[in-house]
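Q: Walk me through this one, please. I'd like to learn how to read its features one by one.

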There are 2 protein chains.
Amino acid sequence: MGKSPIRLKDIADRTGFSVNTVSLALRQSPRIPEETSLRIREAAEALNYLPNHVAKSLVNRETKTIGLVLTDITNPALTQVAQAIEMALSTRGYSTLFATSNNDLEEEKRVIEVFRSRQVDGMLIYPRSHRELAHIRRLRQAGYPVVLLVGDPDAGIDAVCVDERRGAYRAVRHLIDIGHSRIGIIDTSNAKGNLEKRDGYTQAHQEAGILVDMELLADPLGNSVIRGYWAMDRLMSMPVRPTAVFAANDSLAIGALRWTQKNNLRVPKDVAIIGFDNIEFAEHAATPISSVKYEVEMVTELAVERLLQLIAAPDGLPKPRVTMIDPELIVRDSTAGRGD
Amino acid sequence: MGKSPIRLKDIADRTGFSVNTVSLALRQSPRIPEETSLRIREAAEALNYLPNHVAKSLVNRETKTIGLVLTDITNPALTQVAQAIEMALSTRGYSTLFATSNNDLEEEKRVIEVFRSRQVDGMLIYPRSHRELAHIRRLRQAGYPVVLLVGDPDAGIDAVCVDERRGAYRAVRHLIDIGHSRIGIIDTSNAKGNLEKRDGYTQAHQEAGILVDMELLADPLGNSVIRGYWAMDRLMSMPVRPTAVFAANDSLAIGALRWTQKNNLRVPKDVAIIGFDNIEFAEHAATPISSVKYEVEMVTELAVERLLQLIAAPDGLPKPRVTMIDPELIVRDSTAGRGD
DNA sequence: CCAGCTTGTATTATCGCCCATGACTTTGAT
DNA sequence: ATCAAAGTCATGGGCGATAATACAAGCTGG
């Protein structure tokens with residue numbers, strides 16, 4: 001802490017006015033004449049006064065801070081989300097308290113409690129699991145403004161997110177369109193996890209009348225490049241290899257691509273690869289990787305906007321609204337039409 | 001906000017004890033008998049009581065939160081730093097307020113003011129510039145615990161960081177050792193920016209008796225892959241091309257590598273490339289890229305430890321201490337010894 | 001010339017919690 | 001039985017700010 005935190009009282013003593021007058025003057029109240037207001041403003045300046053936000057929060061019952069809960073930030077797409085949210089909130093006068101759940105449900109619950117205790121005005125949450133949202137629903141029902149960054153239309157919680165099911169559908173549909181019928185998928189296969197992408201994968205298959213082979217699902221058990229590499233290794237060790245692979249995010253896709261390099265397969269000739277999120281590293285990989293664009297700006301802007309709406313709602317929270325952004329498919333070399 | 005924030009008073013009313021007794025009981029004071037304490041604890045549980053951290057902060061004059069200021073988080077190495085810091089602080093009972101300066105000095109000053117106003121107990125700052133630290137030094141002199149994440153031994157401010165000068169020296173020295181003498185460098189050439197890496201580059205040259213050609217410095221004007229690509233383009237358009245390139249971070253290095261692919265140059269045969277930070281994408285690039293390891297765990301752990309020391313210092317801040325971590329060089333294919 | 005209105009400032013209460021003080025009760029030693 | 005030493009709880013003040021209310025002056029007008 002600074003040695004001598006200047007308080008309103010210090011300005012009051014110096015100028016001879018009362019604490020209250022000083023407070024009013026600094027907040028541009030019309031009840032204070034220009035003359036006094038100016039003298040007080042000058043004194044504050046001279047003393048280098050900074051209002052104590054904590055005290056203000058206590059009386060106003062709002063902290064002008066929101067809590068941001070992410071699973072882990074190492075996924076480049078989530079990183080951008082974090083930064084964009086911080087900036088969007090900052091321009092609106094809010095600060096952001098930040099915490100990672102480290103993909104652990106108990107930890108997620110804990111940080112939410114911490115945020116509540118710290119009286120955040122609202123929370124933006126990227127939950128660990130899309131199926132275990134009871135604790136968050138309870139929060140909402142208790143009147144807390146919350147917006148999720150992943151969407152489950154019937155979770156009863158506001159959400160703004162890219163439509164992952166639809167994005168995955170587009171990616172896999174694209175692979176089918178260019179002639180593939182044996183398509184591997186690298187995605188976390190946790191029953192309580194995010195099933196949207198697998199749903200999209202399945203839907204595209206069904207629509208095309210292709211049987212879904214669960215053998216073609218490889219769980220990378222993580223999200224790093226190297227996890228993608230080993231998941232690809234498993235897929236390509238099958239008796240009948242897939243001719244194309246859909247990876248749930250670009251890090252995994254880059255790992256898969258890396259595997260093809262090491263094993264002298266050509267992409268897209270021997271195997272096509274498509275990712276998700278459209279991070280810069282995918283665009284500039286050895287073979288530019290097709291991907292599904294994660295609309296960072298749009299998601300964050302809408303999510304922040306919605307959260308502030310909830311916070312400002314005069315009487316109770318309005319009915320939850322889920323906004324799903326239909327993502328764009330970016331086609332690059334890794335899924336260029338097959339030559340044969 | 002939750003509809004009915006439970007206060008100590010509510011528990012007091014329910015149990016018949018006074019607010020004070022409740023407060024003491026919940027804080028495990030030995031002055032309250034087990035029996036009473038238990039009944040109060042149960043009532044708190046039943047009412048789902050959560051202490052109001054804001055009120056507590058006002059009384060205790062500490063918020064148990066620290067402010068983290070980063071330039072921008074899109075550099076994957078900084079991302080990891082952010083997450084590691086959050087986790088390290090979390091286990092010690094601190095929350096982290098997070099803000100990006102967006103590489104703008106005025107913005108950096110602004111967020112620091114905001115943090116001060118919010119009474120953070122201390123700050124961790126990755127400053128925009130290594131040369132404009134006056135505002136931060138003033139902070140320290142006013143008694144604020146601050147630890148920088150970049151180091152200038154004579155800035156008069158505590159710091160924990162990787163020794164970028166030394167890391168760059170090692171990288172360039174390595175290039176010289178394997179036979180290169182015309183070495184390009186892709187690094188921001190802002191006079192007020194981070195000069196450490198260029199210093200290391202220069203030192204390695206001088207030690208080897210090689211003249212430094214300032215023509216070989218390309219400013220990418222940013223940190224993305226594509227910026228690295230264009231900086232590389234400029235370097236390789238010179239009448240006499242460099243035979244090796246040192247990039248100030250791995251994103252830039254990956255961009256440079258990408259340029260060689262598009263222009264059919266072989267790495268390391270035609271041109272060697274080395275990066276900085278050792279992010280996962282460098283390891284798994286088309287040609288695995290040599291890099292200087294950014295010791296995320298060590299930097300964050302030491303920085304947090306030091307900051308908490310400063311916060312706990314009983315009488316005034318101790319003399320500033322700068323800890324520079326000597327980074328390890330990771331050699332990969334992109335700088336394998338030249339065949340000729 | 002005083003009721004009745006502005007106008008400018010001071011007083012007091014409040015936010016939720018912690019701390020110092022001390023009153024009252026119980027226990028144990030003499 | 002008396003008194004000191006613990007033990008147990010309530011009271012009041014304060015953290016730094018805002019908000020509601022009160023209170024002096026200075027005007028106006030009938």
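## The DNA surface

A: Helices here are DSSP runs (H or I, at least four residues), strands are runs of E (at least two), and both are numbered from the N terminus. "Near" means that one of a residue's heavy atoms lies within 4 Å of the molecule or strand. Before we go on: this is a predicted model, where local features need pLDDT of at least 70 and side-chain atom pairs count only at pLDDT 80 or more, while totals for chains, interfaces and linings use all residues. Residues are numbered from 1 along each chain as its sequence is written, chains are lettered from A and ligands numbered from 1 in the order in which they are written, and side-chain values use heavy atoms, with hydrogens and water left out.

Q: Which element gives the largest share of the surface near DNA strand D?

A: That's H4(A), with 5 residues. In total, 25 residues surround DNA strand D, and the closest are Leu8(A), Asn20(A), Ser23(A), Arg31(B) and Arg61(B). Sort the surface by class and you get 10 nonpolar, 9 polar and 6 charged residues. For the classes, Ala, Val, Leu, Ile, Met, Phe, Trp, Tyr, Cys and Pro count as nonpolar, Asp, Glu, Lys and Arg as charged, and the others, Gly among them, as polar.

Q: What part of DNA strand D do the atoms within 4 Å of the protein belong to?

A: Sugar or phosphate takes 68% of those atoms, and bases make up the rest. For individual pairs, look for polar contacts, that is, N or O atoms within 3.5 Å of each other; within protein, one must be able to donate a hydrogen and the other to accept it, and residues adjacent in sequence count only if both atoms are side-chain atoms. On the base side, a side-chain N or O atom of Asn20(B) is 3.2 Å from a base oxygen of DNA strand D.

Q: And which residues come nearest to DNA strand C?

A: Of the 24 around DNA strand C, those are Ser18(A), Arg31(A), Arg61(A), Asn20(B) and Ser23(B). Sugar and phosphate make up 68% of the atoms of DNA strand C that come within 4 Å of the protein. A polar backbone atom of Ser18(A) is 2.6 Å from a phosphate oxygen of DNA strand C, Tyr49(B) places a polar side-chain atom 2.6 Å from a phosphate oxygen, and Asn20(A) has a polar side-chain atom 3.4 Å from a base oxygen. H4(B) gives the most to this surface, with 4 residues.

Q: In what order do the 4 strands of the open sheet in chain A run?

A: Sheet strands pair through backbone hydrogen bonds, either parallel or antiparallel. In chain A the order is E7-E6-E8-E9, with parallel pairing. E7 (217–218) and E9 of chain A are at the edges with a single partner strand each, so one side of each has no neighbour in the sheet. Two strands count as paired if DSSP finds at least two bridges between them; strand E6 (residues 183–186) of chain A has 2 bridges to E7(A), and Ile185(A) stands opposite Leu217(A).

Q: What lies across E6, E8 and E9 of chain A?

A: H11(A) does, running at about 160° to E9(A). Helix H10 (residues 225–236) of chain A lies across E6, E7, E8 and E9, at about 150° to E6(A). Angles run from 0 to 180 degrees between N-to-C directions, with axes fitted to C-alpha atoms, for helices over the stretch in contact; contact means heavy atoms within 4.5 Å.

Q: Where is the cis peptide bond in chain A?

A: It runs from Val267(A) to Pro268(A), with omega near 10°. Pro268(A) sits in the loop between H11 (250–262) and E9 (272–274) of chain A. While you're looking at backbone angles, check Arg61(A), which has a positive phi of about 60° although it is not a glycine.
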